[in-house]
Structure formats: structure tokens, C-alpha cells
Amino acid sequence: MKPLISLVIPSYNDRGKLALALKEYSRQSLLTENFHIVIVDDCSTDGSFEYIKSLIPELPYRCSIYQTERNSGPARARNIGSSHAESDILLFAGSDCTPHKDLLWQHVYFHRRTESYPVAV
């Protein structure tokens with residue numbers, strides 16, 4: 001089933017905060033089958049890619065991780081993440097952002113209410 005929303009998270013040397021954020025996404029009010037998280041590690045030097053990759057099998061939602069070949073900045077990481085998104089609705093978040101439990105549900109709800117308008121929030 002296609003998820004309702006894809007969340008793209010660029011990351012660079014932020015494994016601790018990203019691990020905490022991923023744990024918090026487990027508490028979303030939107031059902032876990034309705035979202036997909038795409039993480040793009042921007043060639044971190046602190047072992048972030050390997051560490052986060054090891055956490056993915058334990059997450060209750062679908063999550064993918066990719067790594068850039070060289071550090072290219074968050075914009076490139078977001079573009080790479082967008083290309084791997086599985087939904088028509090995209091949300092971008094920082095690796096250091098701890099989400100409110102209704103973040104994804106409210107974002108989907110807003111888009112459904114305004115589906116006739118191209119919207120960027």
C-alpha cells in the first residue's frame with residue numbers, strides 16, 4: 001500500500017538526535033503503515049549511517065536510509081530523499097527535530113483539505 005506521506009530527513013553527524021527523533025516518530029497518531037521515512041546521510045564521519053541503519057529493523061514503520069558519496073549539503077540530501085519518496089505528499093524535517101505526536105496526521109489532513117491547491121508548508 002502506498003503511504004499517505006513520505007518524510008525526508010537529511011542528516012550529517014547527528015546520530016544521537018536522529019535516533020531520538022526516529023523513536024519519537026514511533027509515537028505518531030498517524031498509523032505507521034501510512035507513512036514512510038527516508039533518511040539521507042550526507043557522508044557523516046561519526047558512524048551515523050551504520051548506526052541508524054542498524055536501528056531500522058526495530059522501527060514499527062517503513063524507513064529507508066541512503067548515503068551520499070561525498071558531503072554535499074542538506075539541499076542535495078533533500079533532493080536525493082525526494083527521489084526515493086513513495087508518496088505524493090512530502091514533508092522535510094531536520095535530523096535534530098523532535099516531532100509532535102500529531103505532526104504527520106495534521107500535515108496529511110491539511111493537504112487533503114486543500115488538495116485543489118499546490119501547497120508548501
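Visitor: Is Trp105 buried, partly exposed or exposed, and what is its relative accessibility?

Guide: Buried means under 20% relative accessible area, exposed means over 50%, and partly exposed lies in between, with a 1.4 Å probe and protein chains only. Trp105 counts as partly exposed, because its relative accessibility is 41%. Please keep in mind that this is a predicted model, in which local features need pLDDT of at least 70 and side-chain atom pairs count only at pLDDT 80 or more, while totals for chains, interfaces and linings use all residues. Residues are numbered from 1 along each chain as its sequence is written, and side-chain values use heavy atoms, with hydrogens and water left out.

Visitor: Which residues of helix α4 are buried?

Guide: Helices (H or I, at least four residues) and strands (E, at least two) are DSSP runs, numbered from the N terminus. In α4, which spans residues 103–113, the buried residues are Leu104, His107, Val108 and His111. These residues lie on the same side of α4 because they cover an arc of only 95° around the axis, the arc being that of the directions from the helix axis to the C-beta atoms. The cover over the buried residues of α4 includes β1 (5–11), α1 (15–25), β2 (35–41) and β4 (90–92).

Visitor: How many aromatic pairs are there, by the rule for ring centres?

Guide: Rings of Phe, Tyr and Trp (its six-membered ring) pair if their centres lie within 6.5 Å, and planes under 30 degrees apart count as stacked, over 60 as edge-to-face and the rest as tilted. By this rule the count is 2 aromatic pairs. Phe35 and Tyr61 form a tilted pair, with 5.1 Å from centre to centre and 40° between the planes. This pair links distant parts of the chain, since Phe35 is in strand β2 and Tyr61 is in the loop between α2 (48–55) and β3 (62–67), 26 residues apart. Phe35 counts as buried at 1% relative accessibility, and Tyr61 is buried with a relative accessible area of 5%. Trp105 and Tyr109 form a stacked pair, with 5.2 Å from centre to centre and 10° between the planes. Trp105 and Tyr109 are separated by about one helical turn, because they are 4 residues apart in helix α4. Tyr109 is partly exposed, with a relative accessible area of 42%.

Visitor: What does Ser6 touch, and which backbone nitrogen lies 3.0 Å from a polar atom of its side chain?

Guide: Contact means heavy atoms within 4.5 Å. Not counting residues up to four places away in sequence, Ser6 touches His36, Ala85, Glu86, Ser87, Ile89, Leu90 and Leu91. The nitrogen in question belongs to the backbone of Glu86. Ser6 lies in strand β1, and Ser6 counts as buried because its relative accessibility is 0%.

Visitor: How many disulfides does the structure hold?

Guide: A disulfide is a covalent bond between the sulfur atoms of two cysteines; the criterion applied is a pair of cysteine sulfur atoms within 2.5 Å. The structure holds 0 disulfides. The sulfur of Cys63 is 15 Å from the closest cysteine sulfur, in Cys97, and that is too far for a bond. Cys63 counts as buried at 12% relative accessibility, whereas Cys97 is partly exposed, with a relative accessible area of 35%.

Terms used
Polar contact = N/O pair within 3.5 Å; in protein donor to acceptor, adjacent residues only side chain to side chain.
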